Amino acid sequence: MRSIFGDSAADPETGTVAERLRTVEQWGSFLAEYGADVLRVSAEGELFNVSDEQRAAGWLGYEGADVQRIAALEGRLGTRLPPSYRSFLGASDGWSRLGPFMYEMRTTGALDWLDDDDADMYMDTYDDEQDDTSERVRAPVLLIADEGDAQSWLLDSGDVSQDGEWAAYTWSSWQPGLSDRYGSFAELVAAERNSFEELKGYEGRAVRPDGAEQLVAEGRAQALRGEAERAVATFEQAAVKGSGAGAYLAVILGAFLDLAYAHHHVRNGILGSPHVIEAVGLEQVRAEAVPLYLRRTVEEYGPGRDFSSALVPELRMSEGKPVTDWIPHAAASTPPTLPESPVFQEALDTARTIARSGATDDAWTVIETALPHWHSESPHRIAPVMLLTDPAFREVITAPRARLVVTTPRGEARERQQPG
C-alpha cells in the first residue's frame, strides 16, 4: 500500500505488535491480515455491517485519508493527532470490526471531542467502585468509535507520551467505568485483536489452530506431574487454538484450585460450548461437569432457581422431553460413574464409610495416601473430579485439600518420579 506520508521504508519488524504499527504501510499489512482472519472465522450473520464490496475485496476498511483530509481534521480539532492513530487513518478512513465488540470506527468527517453529556456518561463508575475514573482521564477526550456492542473507544489528549501518543481506553456498559489504560491507539488495537482471537478460539473457530493437540498433551503431562497452575495456562493456550479438550481440562483443573466460580466457568466454557462437549464426550460431561455445575449453583443460589437455559439440549431432556425445573431433576438423578483404578476405588469406598461417621480427617488421610496411584486411560481425565462432586466428600475436601489433589504427582507421572 502506497504511503501518503512519504515513500520511506517501513520500520524494521521488531518489538511488540503495537510498536510495529507506526506507518501507513505497517497498518495496511496489519489490517489486511486481521480483516482476513475476521472474515474467515466469523459465523454467518455475525458481520451484519460488512458490505458485499468489503467481503469481495477482503478489506474491512475504506480508502485511506490523504494528507489534506487529515490536516483539515487536525485544524478542526485544533491539535495534531497521535502518530499511531494518524497512520491508521492514512491506511483506512474508518474500519469495520476492529475489535470483538466494536462494529464501526468513526471517519475523519465524524471525529469530534466528547461533549459534556457524553463525558459524564463515559467517566462515570459504579457506586461500589473505589477507583475514580474521572481522575485518570485528563480531557479533552476524542471519541473515535461510531458503533459498537455497548462499547466506545476514546483517546485522551491530556495524557501524552514522549513520542506523542495519547492514552487510549474503551468504555463498555457491561464493565464499571473505563477499561485499563493503553499507552496508545496501537496498543488498544493490538489488545483487541488478541481478545478477538481468544474469543473465537473458545468458540471453537480458532484463528491459529496449529499446535493445539501438542499443547493438550503437554498440559496433561504437567497436570499429572502436579504442576497445576502451569497446566491450566497450557490448556488455556490450547483453548485459544480452538481445542475443546483444552477448554474442558482448563475448567476442570481450575475448579480444584478455586471452586468459588467453577459453576460460571462450567456454564460458559463447557455447557455453553458444543465443540467442547463433542471433544470430550457427553458421558464425561454428565459425570464431571454437570454435577460440578449443579453443586455450585445450588450452593450459591439455592435449589429454587432454574438454570436449564445454560445447558445444551441433551442435558435439558429426560426421556426425550424437556425438563422445565432442571435443578431438582438433576439433583434427583444419578450421574454416570467413570471407572477408577482398583487401588483408588478401594480408597474411595473406605473414605466414604469413614466420612459418614464424621471422621473427615481420617477419610482425607485414606484419600491422600491413594492419590499418587490415581490414573485414567482417558486423555480427558486428569484428576478425580468426584472428590468435588460426591456429597459424601463435601466436608472432607476443603479448599487446601482440593489444591493438594492436583498438586500431587499422579499415575504415570508419579511412577516416573520414583527412584529406579
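This is a predicted model: local features need pLDDT of at least 70, side-chain atom pairs count only at pLDDT 80 or more; totals for chains, interfaces and linings use all residues.
Strands of a sheet pair through backbone hydrogen bonds, in either a parallel or an antiparallel sense. In this structure, an open sheet of three strands runs in the order S1-S2-S5, with antiparallel pairing. Strand S1 (96–99) and strand S5 (145–148) stand at its edges; each has a single partner strand, so one side of each is left without a neighbour in the sheet. On average, neighbouring strands of this sheet are turned by 45 degrees against each other, direction ignored. The pairing of S1 with strand S2 (residues 102–105) is antiparallel and rests on two bridges. Within it, Gly 99 stands opposite Met 102 in S2.

A further open sheet contains four strands in the order S3-S4-S6-S7, and its pairing is antiparallel. Here S3 and S7 are the edge strands; because each has a single partner strand, one side of each is left without a neighbour in the sheet. S3 pairs with strand S4 (residues 141–143) in the antiparallel sense over two bridges. Asp 112 has Leu 143, in S4, as its bridge partner.

A pair of aromatic rings is described by the distance of the centres and the angle of the planes. For Trp 113 and Trp 166, the ring centres are 6.1 Å apart and the planes lie at 20 degrees; planes under 30 degrees apart count as stacked, so this pair is stacked. Trp 113 is partly exposed, with a relative accessible area of 23%, whereas Trp 166 is buried, with a value of 3%.

The search of the whole structure finds 12 aromatic pairs. Ring pairs also link Trp 27, Phe 30, Tyr 34, Tyr 85, Phe 88, Phe 185 and Phe 196 into a cluster. One of these rings, that of Phe 30, has Arg 193 over its face, at 4.9 Å from the ring centre.

The helices remain to be considered. Two packed helices are described by the angle between their axes and the distance between the axes. Helix H2 (residues 24–41) packs against helix H5 (residues 83–91) at an angle of about 65 degrees, and their axes are 8 Å apart. H2 and H5 are therefore roughly perpendicular to each other, and their crossing is right-handed.

Technical notes:
Residues are numbered from 1 along each chain as its sequence is written. Side-chain values use heavy atoms; hydrogens and water are left out. Rings of Phe, Tyr and Trp (its six-membered ring) pair if their centres lie within 6.5 Å; planes under 30 degrees apart count as stacked, over 60 as edge-to-face and the rest as tilted. Buried means under 20% relative accessible area, exposed over 50%, partly exposed in between (1.4 Å probe, protein chains only). A charge sits over a ring if NZ of Lys or CZ of Arg is within 6 Å of the ring centre and within 35 degrees of the ring normal. Two strands pair if DSSP finds at least two bridges between them. Axes are lines fitted to C-alpha atoms, for helices over the stretch in contact, and angles run from 0 to 180 degrees between N-to-C directions. Angles under 35 degrees count as roughly parallel, over 145 as roughly antiparallel, 65 to 115 as roughly perpendicular and the rest as oblique. A crossing is left-handed if the near helix is turned anticlockwise from the far one by less than a right angle, and right-handed if clockwise.
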